[in-house]
Amino acid sequence: MKIISKDNYFISAMESLTKQISIINADDLIVFDAGQHYVYIFYASELQKYRISDPYRAMLYCCDYRIARDASINEYIKCLSTQRINKTLSLRLSPKDEWVIKIMFGEPNEDELKVLMCINRKTFSAHKVNALRKLGARNINLLHSLIQAWKEYWPCIRPELKPEAKYTYSQTRRRDSVSRLSGV
């Protein structure tokens, strides 16, 4: 099991807690404290199974695998020792919610800009609020720091990534569009 956190007290508490309970498939389990209000508990093999290769997509798919950071010990025990972490990854965000998050944190391509120009500001805001609620962020600043935490700890979560796969969403898209234009 990997416990990923900047909080040494949290790490030692999780280590002592996991010694007391039996965990199914403990070698593959990741406990990720993103430094926010939630702790993500999921299996690394699920990321590989669904070919999730970037921290942005991992954050979107793992929003069902979170527990409140200040939850009781009994809630952590229940979460770690039950089948809750054995369910499959799924995307809780609607396509529009995911699109709004991508627009806010990435550079939109031409098709996304066309759609953005035709969408009402209140509709955009409603999708933004829905996405924030589903991701567990109270505001844009918390969501931004959450995304940064996923990016920072991504090598610990998925260390087998090739160096060229560590680009952000916008950098990858920009690189792909440059290679399409240049014929490379």
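**Entry 1. Aromatic cluster**

I count two rings of Phe, Tyr or Trp as a pair if their centres lie within 6.5 Å, with planes over 60 degrees apart counting as edge-to-face. The model I searched is a predicted one. My search of the whole structure returned 6 aromatic pairs. I looked up the pair of Phe32 and Trp150, whose ring centres are 4.9 Å apart; the planes stand at 75°, so I recorded the pair as edge-to-face. Phe32 belongs to strand S2 and Trp150 to helix H8 (residues 140-157), so this pair ties together parts that are 118 residues apart in sequence. I noted both Phe32 and Trp150 as buried.

I then took Phe32 with Tyr153. Here the ring centres are 5.7 Å apart and the planes are at 65°, so this pair is edge-to-face. With Phe32 in strand S2 and Tyr153 in helix H8, the pair ties together parts that are 121 residues apart in sequence. Tyr153 is buried, as is Phe32.

Which residues form the aromatic cluster? I found one cluster made of Phe32, Tyr40, Phe42, Trp150 and Tyr153.

I also recorded a charge over a ring: Arg66 lies over the face of Tyr38, at 4.5 Å from the ring centre.

**Entry 2. The chain as a whole**

Read from the N terminus, the order of elements is β-α-β-β-α-α-β-α-α-α-α-α-α. The protein chain has 184 residues, of which 42% are buried. Among the contacts with a separation of 6 or more, 69% are between residues 24 or more positions apart.

**Entry 3. Helix H1**

I checked the length of helix H1 (residues 8-20). At 1.5 Å a residue, its 13 residues should span 18 Å, and I find the end C-alpha atoms 19 Å apart, which agrees.

Which residues of H1 are buried? I listed Phe10, Ile11, Met14, Leu17 and Thr18. These residues cover an arc of only 135° around the axis, which puts them on the same side of H1. Asn8, Tyr9, Lys19 and Gln20, on the other side of H1, are exposed.

I next asked what covers the buried residues of H1. The cover includes strand S1 (2-4), strand S2 (29-33), strand S3 (38-43) and helix H4 (73-81).

At the start of H1, I found a side-chain oxygen of Asp7 that reaches to within 3.1 Å of the backbone nitrogen of Tyr9.

**Entry 4. Asp33**

I turned to Asp33, which lies in strand S2. Is Asp33 buried or exposed? Its relative accessibility is 3%, and the cut-off for buried is under 20%, so I count Asp33 as buried.

I looked up the polar partners of the Asp33 side chain. One is the backbone nitrogen of Gly35, reached at 3.1 Å. Another is the side chain of Arg69, with which Asp33 makes a polar contact at 2.9 Å.

Leaving aside neighbours within four places in sequence, I listed the contacts of Asp33 as Ile4, Ser5, Asp7, Phe10, Tyr38, Val39 and Arg69.

**Entry 5. His127**

I located His127 in helix H7 (residues 121-135). The relative accessibility of His127 is 17%, so I count His127 as buried.

I found a polar contact between the side chains of His127 and Asp97, at 3.1 Å. Not counting residues up to four places away in sequence, His127 touches Lys96, Asp97, Val100 and Ile119.

**Entry 6. Arg158**

Where is Arg158 found? I placed Arg158 in the loop between H8 and helix H9 (169-182). At 11% relative accessibility, Arg158 counts as buried.

I compared the separation of Arg158 and Ile52 in sequence and in space: the two are 106 residues apart in sequence and 9.6 Å apart in space, C-alpha to C-alpha. Ile52 is also one of the residues that Arg158 touches, not counting residues up to four places away in sequence; the others are Leu47, Gln48 and Ser53.

Note on methods: Residues numbered from 1 in each chain as written. Predicted model: local features only at pLDDT ≥ 70, side-chain atom pairs only at ≥ 80, totals over all residues. Heavy atoms only, no water. Helix = DSSP H or I, 4+ residues; strand = E, 2+ residues; numbered from the N terminus. Buried < 20%, exposed > 50% of the residue type's maximum accessible area, 1.4 Å probe, protein only. Polar contact = N/O pair within 3.5 Å; in protein donor to acceptor, adjacent residues only side chain to side chain. Contact = heavy atoms within 4.5 Å. Expected span 1.5 Å × (residues − 1). Arc of directions from axis to C-beta. Phe/Tyr/Trp six-rings, centres within 6.5 Å; stacked < 30°, edge-to-face > 60°. Lys NZ or Arg CZ within 6 Å of the ring centre and 35° of its normal.
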